[in-house]
Amino acid sequence: MSKKISRRDFMSYSALGLASLTILPSWTIPDGPQKGKKIAPSDMIVLGFIGLGRQGRSDFNSFSACPGVQVAACCDVDSIKRERFRRDVAKWQKENGMNERCDMYEYYGDLMERTDIDAVEIATPDHWHALIAIAALDSGKDVYLQKPLAYTITEGLAVQAAVRHNGRVLQMGSQQRSSAEFQQAIKMVRERAIGHIDKIYSRVGDPPKPFDLPEMPVPANLNFNMWLGPLNDPKIHYHSDICPVVSLDPPQDEKLWGAWRWYCETGNGYPADWGAHMYDIAQAALGMDGSGPVEFIPKGYNGAEHDTMKYANGVVMTEQPFDEEKPNWQGLKFIGDKGWIKVARGYIECSDPKLLKKSQEEVKAGQYEVSSPHMQNFLDAIRDHKDPIAPVECGTSTNTLCCLTNIARELDRPVHWNPATLSFEGDKEAAHHRLYYYDYRRPYKLPYLDTRNNL
């Protein structure tokens, strides 16, 4: 039986594992530009979730607000997180008149064998993004992938190749592209409302630091060896900060975001965390999706005050406060020869207020994590079989930019990059950096390695 069973065929294959799930007769989109549009049972999209921590649960809340969605399975290396997620899904299913069923898996490959699942949402630590996304794409599934696209440049290129090879839909979890304030800023820059752009200030945050957490005993509910996956560094060991502890009895959720992102050996720090959002908007506004800067100068080199990225067209982007009154607020300031635009989550301001459609808004606590419009765009792209608002090429170029800023930081010197040839143009030291190509721990292998240039 083909692994590419359509949603229309799904109804006739009730024995495939979702037999007990009740598909509602039809859904109606409650608001927005498609208000009132009916979604037939044959267009129901069945999802599987991989990575069930804070971000995975937040994404489920957003997807569950979209009509025409069912959840069939979930996967995590932590058994407590699996059960917690199953309960979340069961509660939602019960409230919406569906039979309560969400199968649980420890190994993502078992979930990929499910022919009744149309798409997967991936919210694992970054070092797993590429392998799991490629496995999903190769199994005929569409993918919603949390940012950043990957841990390394080569991984990002491999995911892009897998998307196009399989003809699937991939949406990056760059939900700012679906937010009104960022869409407005992008449109204004592209239409030269503030003239020719000379500079961009982008507050992102610090690069990762060496792994320095003390070792702790691994809890029985966690398969830490599987959590490590392809990571190949003997310094990495278990600590509750990188795999935050949760409890079902008494109920207790994570007290912090997974700290793996703050360490060189397991993540890419703020450049890949907030940079994957803010640099992504800069790329979109400049029309640089699929391309990027050509020179990266690290903070401190020859007195440089900030990490600096230079584009071939002369635009210079620096990692520095975009608002002097709020130096740690993540956001962007586009500076043109006719004015400026500041934009952050829930906020937009312009040197000429008449150019804005609305005044400044303060973002409400937790509001920025509600991403239903972005999820709805992904679901619409699946139904129409077209690229979403944040397709894989956007994720690849932004991921490359984030990795290159860290490579320049670690080498403590400028790095030159050719976005057209995807090469360092003879810089062998940079080409052998782990953030360009990472040697996986055995037996893991990265597919689509022909995407890597021979430098």
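Trainee: Is Ala193 buried, partly exposed or exposed?
Mentor: Ala193 has 29% relative accessibility, so it counts as partly exposed. Buried means under 20% relative accessible area, exposed over 50%, and partly exposed in between, with a 1.4 Å probe and protein chains only. This is a predicted model, where local features need pLDDT of at least 70, side-chain atom pairs count only at pLDDT 80 or more, and totals for chains, interfaces and linings use all residues. Residues are numbered from 1 along each chain as its sequence is written, and side-chain values use heavy atoms, with hydrogens and water left out.

Trainee: Where is Ala193 found?
Mentor: In the loop between α7 (180-190) and β9 (197-203). Helices (H or I, at least four residues) and strands (E, at least two) are DSSP runs, numbered from the N terminus.

Trainee: New topic. Is Thr318 buried or exposed?
Mentor: Thr318 counts as buried because its relative accessibility is 10%. Thr318 sits in strand β14 (residues 316-319). Beyond neighbours within four places in sequence, Thr318 contacts Ile200, Tyr201, Ser202, His306, Asp307 and Thr308.

Trainee: On to α3. Which residues there are buried?
Mentor: Lys81, Arg82, Glu83, Arg84, Phe85, Val89, Ala90, Trp92 and Gln93. The buried residues of α3 pack against β3 (45-50), α2 (54-63), β4 (69-75), β5 (103-105) and β10 (247-248).

Trainee: What happens at the start of α3, and just after α3?
Mentor: At the start, a side-chain oxygen of Asp78 comes within 2.9 Å of the backbone nitrogen of Ile80. Just after α3, Gly97 has a positive phi of about 75 degrees.

Trainee: Last one. At what angle do α6 and α12 pack?
Mentor: Helix α6 (residues 153-166) and helix α12 (residues 392-411) pack at about 175 degrees, with axes 9 Å apart. Axes are lines fitted to C-alpha atoms, for helices over the stretch in contact, and angles run from 0 to 180 degrees between N-to-C directions. The two helices are therefore roughly antiparallel, a label for angles over 145 degrees.

Trainee: Which residues make the contact?
Mentor: From α6, they include Ile153, Leu157 and Val163. From α12, they include Val392, Cys403 and Ile407.

Methods
Parallel < 35°, antiparallel > 145°, perpendicular 65-115°, else oblique. Contact = heavy atoms within 4.5 Å. Polar contact = N/O pair within 3.5 Å; in protein donor to acceptor, adjacent residues only side chain to side chain.
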